[in-house]
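Thanks for coming, everyone. I'll walk through one model today, starting with a helix and ending with strands. Here it is on the screen.

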Amino acid sequence: MHAFGQILKIETRLYLRDFASPLITIALPLALLVVFGLIPAGRERNPQFGDRAFIEYFAPSLLVITLAMAAVNILPVVLATYRERGVLRRLATTPASPAALLAAQLVISLATILVGAVLLIGVGWLAFDVPLPRHPLGFTLALVLGTAALLALGLLVAAVARTAKAAQGMAVPVFMVTMFFGGVYLPRFLLPDFLVRIGDYTPPGVQALLDAWTADAPQPLHLAIMTVIAVIAGATAAKLFRWE
Amino acid sequence: MPVIEVTNLHKRYGDLVAVRDVSFTVEAGEIFGVLGPNGAGKTTTVECVAGLRTPDGGGVSVLGLDPRRDGARLRQRLGVQLQESQLPDRLRVAEALELYASFYRNPADPARLIDDLGLGGKRNTPYKKLSGGQKQRLSVALALVGNPEIAVLDELTTGLDPQARRDTWGLIERVRERGVTIVLVTHFMEEAERLCDRVAVIDGGRVVALDSPGGLVSRVVPEQRIRFRPSSPVEDHVFTDLPEVSSVTRSGGQLVVTGTGDLLHAVTAVLARNQIVAADLRLEQSTLDDAFVELTGQRPAD
């Protein structure tokens, strides 16, 4: 436990030292929220967005940026790099376990997502009248399950990739698909209906986040699919993951 | 008292037999070399000693512990420096040592270790900015930071320039003076000759010889050669009559006398008796290199 604490401390320091990663993961969505919030049209209610303002409609997609960056972009590349460079193997020769390093990386991803979500919700609420999640329990569930599904996919990439380069090569398309179906590149009202439906079931499940944030409880099927993806991808990753 | 006992170790990866049958013991306080050509099974052998791999057959006992069953206890007492294991780019020297020190119950003082290894000026330097020699020294420091009783060092000086290599050798000698038993995996004969008390030569997954470096050389290639230019003509039999001499050859004005035992003394004595002065005299002794070639049929990689 002591070793885990020390590893977490150092890994957090290394993560923050990297600077670009936390900046894009947390500050980019916030900056976009501020930009759209400052445009008057962004705050007007519009029947196209289910009688919501554009920034209310778009905020869950901004949250997808944080989730996708932390879970399927940064995490797998860091883990694959550590494996390729023998950092995990070296740790296996000490009384500390390489599993502690994996756990520390997961904690950092979760903390990043939590901080990103709290800032996005808080700034939206305080500055731009984006309501706090109307269904807090449903929102928490949707966020937790969506995060779990994406982290499991990130771990799967880390497990399958043999090298850091390969991990990067696999992480980029997964990241872009996540962003696309999360409505980040094109707001979803611009997408054809069938792509929107696919997006409902693509981790992290942006529709469930939107429902719980601005309306009512998320649909159970949306949450169930996230759970299934998390379990299957997570179990496969655990089976395939190699320390060296 | 042996601190490491390896008996009939066997390890395969799929169809490939990496270690066929390896046995040796390492005594407390010695520097034990594991030598062999690439792919001979050296690294697999020490990985089994360090508990990183499970042997398919045979036994390994380190400090009386089974590396697989008592891994957690053993790792408190055994320091390992692995081939090609790096650290995160942005991790600083002092951070790395303090982190690793925190894993052990009785760690060495990281600050002193940094000074001992000549990294005092690099305390806050990120790993990425270190030179090859500095990275290697940091790696050795990490293997020693837990105050281990045994240190396993795999391909310690590979990739270092000659000066950095010599500096690292000095370091290993200082570590031994502290009473640490060292297992040194290497394919540099000069390194083994200089540092090791005993060496096991491994080839094709087997121990083909185990002796002191000097013992190996004299056992495997006992011949020495003396070359010189005699000041006046001399008959072959002057030398071949000596019991130490096995043959005499001539090339140009040069004589080459080959033999065993105290060859130099015998030859110079007979020259003095005959009042012949030997110019350009050179004694050529076999080295561990020659012994290695003789034992494995391969040139040591360099």
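Start where helix α6 of chain A begins. There, a side-chain oxygen of Ser97(A) comes to within 2.9 Å of the backbone nitrogen of Ala99(A). One caution before I go on: this is a predicted model.

Now the helix itself. α6(A) covers residues 98-128, 31 residues in total. From first C-alpha to last, α6(A) reaches 44 Å. What comes after α6(A)? Asp129(A) does, and its phi is positive, near 60°.

Next, a residue in another helix of chain A. Val34(A) sits in α2(A), residues 20-38. Val34(A) is partly exposed, at 32% relative accessible area. Look across to Leu120(A): the two C-alpha atoms are separated by 9.8 Å, yet the residues are 86 apart along the chain.

On to the aromatics. How many aromatic pairs does the structure hold over all chains? The count is 13. Take Phe139(A) and Trp213(A). Their ring centres are 5.3 Å apart and their planes meet at 70°, so this pair is edge-to-face. The cut-off that matters here is 60 degrees, since planes over 60 apart count as edge-to-face. Where do the two rings come from? Phe139(A) belongs to helix α7(A), residues 136-160, and Trp213(A) to helix α10(A), residues 206-214. The pair therefore ties together parts that are 74 residues apart in sequence.

Are these two buried or exposed? Phe139(A) counts as buried, at 5% relative accessibility. Trp213(A) counts as buried too, at 1%. The cut-off for buried is under 20%.

A second pair joins sequence neighbours. Phe180(A) and Phe181(A) are edge-to-face, with 5.2 Å from centre to centre and 80° between the planes. Their accessibilities fall on either side of that cut-off. Phe180(A) is partly exposed, at 25%. Phe181(A) is buried, at 14%.

There is also a cluster in chain A. Ring pairs link Phe36(A), Phe49(A), Phe54(A), Tyr57(A), Phe58(A) and Phe189(A).

Two arginines sit over rings. In chain A, Arg83(A) lies over the face of Phe241(A), 5.1 Å from the ring centre. In chain B, Arg165(B) lies over the face of Phe188(B), at 4.0 Å from the ring centre.

One more stop in chain A: Ser61(A). This serine is in helix α4(A), residues 54-84. Ser61(A) is buried, with a relative accessible area of 5%. Which residues does Ser61(A) touch, leaving out those up to four places away in sequence? The contacts are Gly182(A), Gly183(A), Val184(A) and Val206(A).

Over to chain B. First, the overview. Its secondary structure comes to eleven helices and 13 strands. The C-alpha atoms fill a box of roughly 75 × 45 × 35 Å along the principal axes. Chain B has 302 residues, and 52% of them count as buried. Now take its contacts with a separation of 6 or more: 66% are between residues 24 or more positions apart.

Now the hairpin in chain B. Strand β1(B), residues 2-13, pairs antiparallel with strand β2(B), residues 16-27, over eight bridges. Within that pairing, Val6(B) has Phe24(B) as its bridge partner. Two residues lie between the strands, and Gly14(B) in the turn has a positive phi of about 60°.

Last element: strand β10(B), residues 224-230. Which residues are on its covered face? Those are Gln224(B), Ile226(B), Phe228(B) and Pro230(B). The uncovered face carries Arg225(B), Arg227(B) and Arg229(B). Why the every-other-residue pattern? In a regular strand, side chains alternate between the two faces of the sheet.

β10(B) has two partners to show you. With strand β12(B), residues 254-259, it pairs antiparallel over five bridges. There, Arg225(B) has Thr258(B) as its bridge partner. With strand β13(B), residues 278-285, β10(B) also runs antiparallel, joined by six bridges. In that pairing, Arg227(B) stands opposite Arg282(B).

That's the tour. Questions, please.

Definitions and conventions. Residues numbered from 1 in each chain as written. Chains lettered and ligands numbered in written order. Heavy atoms only, no water. Phe/Tyr/Trp six-rings, centres within 6.5 Å; stacked < 30°, edge-to-face > 60°. Helix = DSSP H or I, 4+ residues; strand = E, 2+ residues; numbered from the N terminus. Buried < 20%, exposed > 50% of the residue type's maximum accessible area, 1.4 Å probe, protein only. Lys NZ or Arg CZ within 6 Å of the ring centre and 35° of its normal. Contact = heavy atoms within 4.5 Å. Pairing = 2+ DSSP bridges. Expected span 1.5 Å × (residues − 1). Polar contact = N/O pair within 3.5 Å; in protein donor to acceptor, adjacent residues only side chain to side chain.
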